[in-house]
2 protein chains.
Amino acid sequence: MSTKNMVLKKDLKEKRELVNIAIDRFLPRKDEYPKQIHKAIRHTLFAGGKRLRPYLLINTYMLFKDDIDKTLLVAGAIEMLHTYTLIHDDLPEIDDDEYRRGKKACHVLFGSDIALLAGDALLIYAFQAIASSEEVDEKLRLDFIKELSIEAGHTGLIAGQMIDIQSEGKKISKETLEYIHTNKTGKLINLPIRFGCMLAEVPEEDQKRMENFGQKIGLAFQIVDDILDIEGSTETLGKTIGKDSKAKKATFPAVYGLEKSKQMAEKLITEAKVLLEPYGEKAELLLMLCDFIHTRKF
Amino acid sequence: MSTKNMVLKKDLKEKRELVNIAIDRFLPRKDEYPKQIHKAIRHTLFAGGKRLRPYLLINTYMLFKDDIDKTLLVAGAIEMLHTYTLIHDDLPEIDDDEYRRGKKACHVLFGSDIALLAGDALLIYAFQAIASSEEVDEKLRLDFIKELSIEAGHTGLIAGQMIDIQSEGKKISKETLEYIHTNKTGKLINLPIRFGCMLAEVPEEDQKRMENFGQKIGLAFQIVDDILDIEGSTETLGKTIGKDSKAKKATFPAVYGLEKSKQMAEKLITEAKVLLEPYGEKAELLLMLCDFIHTRKF
């Protein structure tokens, strides 16, 4: 492993732990009544996961400011929202997936009824966590709640998921593919970057630059995800592979072919890195993250 | 129909329409992309329903203040949250109910996948509606979001639902029955009363009195609900009857017997009405509502 990789890995681990502590402190104890719901929630939430979205929020913020504490619970809220989508997506009526983050999916271990409620609860806690982030200005907390609800709702995650469901087994256009991925994945990768900027109260120019950055790595992330569904292994990915192509899901390799998809990911990553140039050394970790998103095997 | 009943009916209808307008204005149009999700959401939301929770909020507020406009979107948000629980509860993995508010349940018409997402979306919109209630002070909006998330989460609705699921087919104690109903129904009847007080900025004494009122009518409402599951008809109730006893669900008649349950409901309603005495004429509509909750056939 290169030195750069080791530095990134260490930093990912450190910040992941800080976010995990913030989430753990915020959520009800595992042995609180009714126990099964907390076990189910914590099972998927702490099953692993890269904490990519919190990491993006924290590192965007730290391009401009130093006090990391302010970011942790807001970053944790985005992870809770992300985990709610995973639990509900894995349910039998949607993707019927048995594995998640290398472990049995929530509904496989706890039953579909409890998994449904665990997802609902995580969605509720995401909003509660933001509303309870005392370090953040009240007006900003309300803005976060509004933006989170917009990206999670019918112009974001829900929309992407709807069109994904309706497209299964059909031949889809490039536009539909982009629509699904922008909404299902892209917006929740871009959101923590926007939140990081808002928390740091950056000038509009930086906000725009960083949102542009977020769009590029969000799309690159999804393309690599689709490629890994073909070339990866269940063991390293922690979820069932080959499932998307079997289910005739909308993927980049299905629409553009494998080689073209790889070129697209590379181009996006290069462009994303260029956008970080004004931040010099401060952007080093985000630059490493770009390479990681590009070359990851999981 | 008595004059009192007609007055109440007219007032319920008028305020229901105001709340429906507020919800309709807030939600995305029916023909917005992706259409199916908005159709599914609006199907259950506007399938009927008494709008009891919004009515409680508005009428509690109007014991103390006159400007109804301030209450409408917050009241609508509680109705959205309530409807999310109905859609998810009706899903095959929980209650597997075919009818709701006199119409086919959401998942029966739109499929379980879309119904799941429609429920998620309504939960998201409930928080968004409160965050967007510009007439309400920012601090108060955050308090509403926190309280709504607490009552919806593991110490409220989710808890009640969890224990309800785990109790099915078992002989349950009086304590468990009360726990389930307090959390599954009571808290979301009490919450709009609390919100009404908070919006009107009432003294602590009134807040406590009205919360006490809310607890009593919340419990009475649930007992009558259980009695109607035995004595009511599917036609007037708009949902499948006899289902609770068939599924050996936790109900008051099952634990206390039918006669004793009726006596309990009567006692609670009488006590609730006494609590309204200090408000004189201003409380007339809430007094009528108490009688309605007691004698309703649907």
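Residues are numbered from 1 along each chain as its sequence is written, while chains are lettered from A and ligands numbered from 1 in the order in which they are written. Because the model is predicted, local features need pLDDT of at least 70 and side-chain atom pairs count only at pLDDT 80 or more, whereas totals for chains, interfaces and linings use all residues.

Chain A has 15 helices and two strands, where helices (H or I, at least four residues) and strands (E, at least two) are DSSP runs numbered from the N terminus. The radius of gyration of chain A is 18 Å, close to the 19 Å that the globule rule gives for 298 residues, so chain A is as compact as a globular protein of that length; the radius is taken over C-alpha atoms, and the rule is 2.2 Å times the number of residues to the power 0.38. Along the principal axes, the C-alpha atoms of chain A fill a box of roughly 50 × 45 × 40 Å. Buried residues make up 49% of the 298 residues in chain A, a residue being buried if 20 or more other C-beta atoms lie within 10 Å of its own, exposed if 12 or fewer, and partly exposed in between, with C-beta atoms placed from the backbone. Of the contacts in chain A with a separation of 6 or more, 70% are accounted for by residues 24 or more positions apart, two residues being in contact if their C-beta atoms, placed from the backbone, lie within 7 Å.

The contact takes 38 residues from chain B and 39 residues from chain A. On the side of chain B that touches chain A, the elements giving two or more residues are helices H2 (35-45), H6 (112-131), H7 (138-152) and H8 (157-167) of chain B, and H6(B) gives the most, with twelve residues. By class, this side of chain B has 21 nonpolar, ten polar and seven charged residues, where Ala, Val, Leu, Ile, Met, Phe, Trp, Tyr, Cys and Pro count as nonpolar, Asp, Glu, Lys and Arg as charged, and the others, Gly among them, as polar. Since 100% of the interface residues of chain B are also interface residues in chain A, the copies meet through the same surface.

Just after H8(B), B:Gly169 takes a positive phi of about 80°. In helix H2 of chain B lies B:His38, which counts as buried with 20 C-beta neighbours inside 10 Å. Leaving aside its neighbours within four places in sequence, B:His38 is in contact with A:His154 as well as with B:Pro28, B:Arg29, B:Lys30 and B:Glu32.

In H14(B), residues 258-275, the end C-alpha atoms are 26 Å apart, which agrees with the 26 Å that its 18 residues should span at 1.5 Å a residue, the expected span being 1.5 Å times one less than the number of residues. Its buried residues are B:Ser261, B:Ala265, B:Leu268, B:Ile269, B:Ala272 and B:Leu275; seen down the helix axis, they fall within an arc of 115°, so they line one face of H14(B), the arc being that of the directions from the helix axis to the C-beta atoms. On the other side of H14(B), B:Glu259, B:Lys267 and B:Val274 are exposed.

Some backbone features lie in loops. The peptide bond from B:Tyr33 to B:Pro34 is cis, with omega near -15°, and B:Pro34 is placed in the loop between H1 (3-26) and H2 of chain B. In chain A, A:Glu201 has a positive phi of about 50° although it is not a glycine, and this residue lies in the loop between H9 (174-199) and H10 (204-231).
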